[in-house]
Amino acid sequence: MIDWDVAVSTGVRLVRPGPQVDLRDAREAVAQLRDLSGAAAGHVRDFTGMNPLEPAGPAVVVDRPGWIRANVDGFRTVIEPVLEQMASERLGNAPVADLSAIGSRITGVQLGAVLAYLAGKVLGQYELFLPPDPDGRTPTGRLTLVAPNIVAAEREMDVDPRDFRLWVCLHEETHRMQFTATPWLRAHVQDLMRELLLSSEMDASDLIARLRAAGEAVADAVRGGDSNLLTAFQSPEQSEIMDRVTAVMSLAEGHGDFVMDAVGPDVVPSVERIRARFRKRREAANPLDRIMRQLLGMDMKMRQYEEGAAFVSAVVAQVGMPAFNKVWTSPETLPTLAEIRDPNAWIERVVRPAAITE
């Protein structure tokens, strides 16, 4: 199990403070981000042709500790029921040893330390898994923007603050549109995550082998290789499930990147300058940052952005946005990882047959 309170306290204690901003500027930034998230929602809806099935509302603007708390809540919502199921299947009704409490605190510290690092990097996110409301209803999700990180990034890149803030909002609002306009998508992603977690049963020899692989991954990352801890701990079964997760995330992230740049020129005049400087900033990470990004799978996530955006761009260029939107019809119309890398294969499987029958 995971001691979630320890994860929060560790993350909040270790996270670095954000940039120095006077109170008036901070309040103005928060107010503008809320306003721009609403404006971005309209731009995304008009460009994609997707329609949310519930009102969006303004984004929630948080600081770094607030992002940590929100993510622990999300992890707890999706992971805890699976951990409890795994424990009951493996232990039955046997009493839990005291060592498990120690292990849960150690795991909480580890999770908190990772979140403390990530809390200084994330600009925003669509929180897909939330605890139920007081009335028992589980919300579809929540759009969160991390104000100090956005301010720090726009200062570092020397870009127009309003343009950059709207550009970020366009990406995150695209994620909100994906899940609020596609009612089955949230449950599909949750099922994939549950399947991935439940496939993690290991015996002692498996654990030793994967710990050895993790050590080799760290050494390879330090040497400049492309290993990471996510793949080091995966079994062959998990790798197959992870390919399906990667395909969905590549689509979601690539769609967000495509929309934020395609909408950009009309509403974000400096979008080309922002994209160029954002890419340069990403490539100019210091050696420690580079190692951490790789080990935590952040570089793999960047490849998801690139491959997914190339998929969306290729499909829209060939068949148009309305035909591309068939991707949101059902789990069966989502691209596989192979189709993400070969857009024509997805078009032939999903778009062409639908055109013939219509």
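**T144.** I started with T144 and listed its contacts (heavy atoms within 4.5 Å), skipping neighbours within four places in sequence: V60, V62, G124, Q125 and E127. T144 sits in strand β3, residues 142-146; helices (H or I, at least four residues) and strands (E, at least two) are DSSP runs, numbered from the N terminus. Buried or exposed? T144 counts as buried because its relative accessibility is 1%; buried means under 20% relative accessible area, exposed over 50%, partly exposed in between, with a 1.4 Å probe and protein chains only.

**Ground rules.** I'm working from a predicted model, where local features need pLDDT of at least 70, side-chain atom pairs count only at pLDDT 80 or more, and totals for chains, interfaces and linings use all residues. Residues are numbered from 1 along each chain as its sequence is written, and side-chain values use heavy atoms, with hydrogens and water left out.

**Helix α5.** Next I checked α5, residues 147-157, and found eight of its 11 residues buried. Those are A147, P148, N149, I150, V151, A153, E154 and M157. Just after the helix, D158 has a positive phi of about 55 degrees.

**α5 against α11.** I then looked at how α5 meets α11 (residues 271-283): their axes come within 10 Å and cross at roughly 100 degrees. Axes here are lines fitted to C-alpha atoms, for helices over the stretch in contact, and angles run from 0 to 180 degrees between N-to-C directions. So α5 is roughly perpendicular to α11; that label covers 65 to 115 degrees, with under 35 roughly parallel, over 145 roughly antiparallel and the rest oblique. A153, E156 and M157 of α5 touch R277, F278 and R281 of α11. I sorted this contact by class and got three nonpolar, no polar and three charged residues. Ala, Val, Leu, Ile, Met, Phe, Trp, Tyr, Cys and Pro are nonpolar, Asp, Glu, Lys and Arg charged, and the others, Gly among them, polar.

**P269.** P269 is in the loop between α10 (236-267) and α11. I have P269 down as exposed because its relative accessibility is 68%. Which residues does P269 contact, leaving aside neighbours within four places in sequence? D163 and G264. P269 and D163 are 106 residues apart along the chain, yet their C-alpha atoms are separated by 7.2 Å.

**Core and L170.** Of its 78 residues, W67, F164, L170, L251 and F324 touch the most other members. The most comes from α10, with 10 residues. I followed L170: beyond neighbours within four places in sequence, L170 contacts A40, H43, V44, M260, V263, V267 and V268.

Technical notes
Core = buried A, V, L, I, M, F, W, Y, C linked by side-chain atoms within 4.5 Å.
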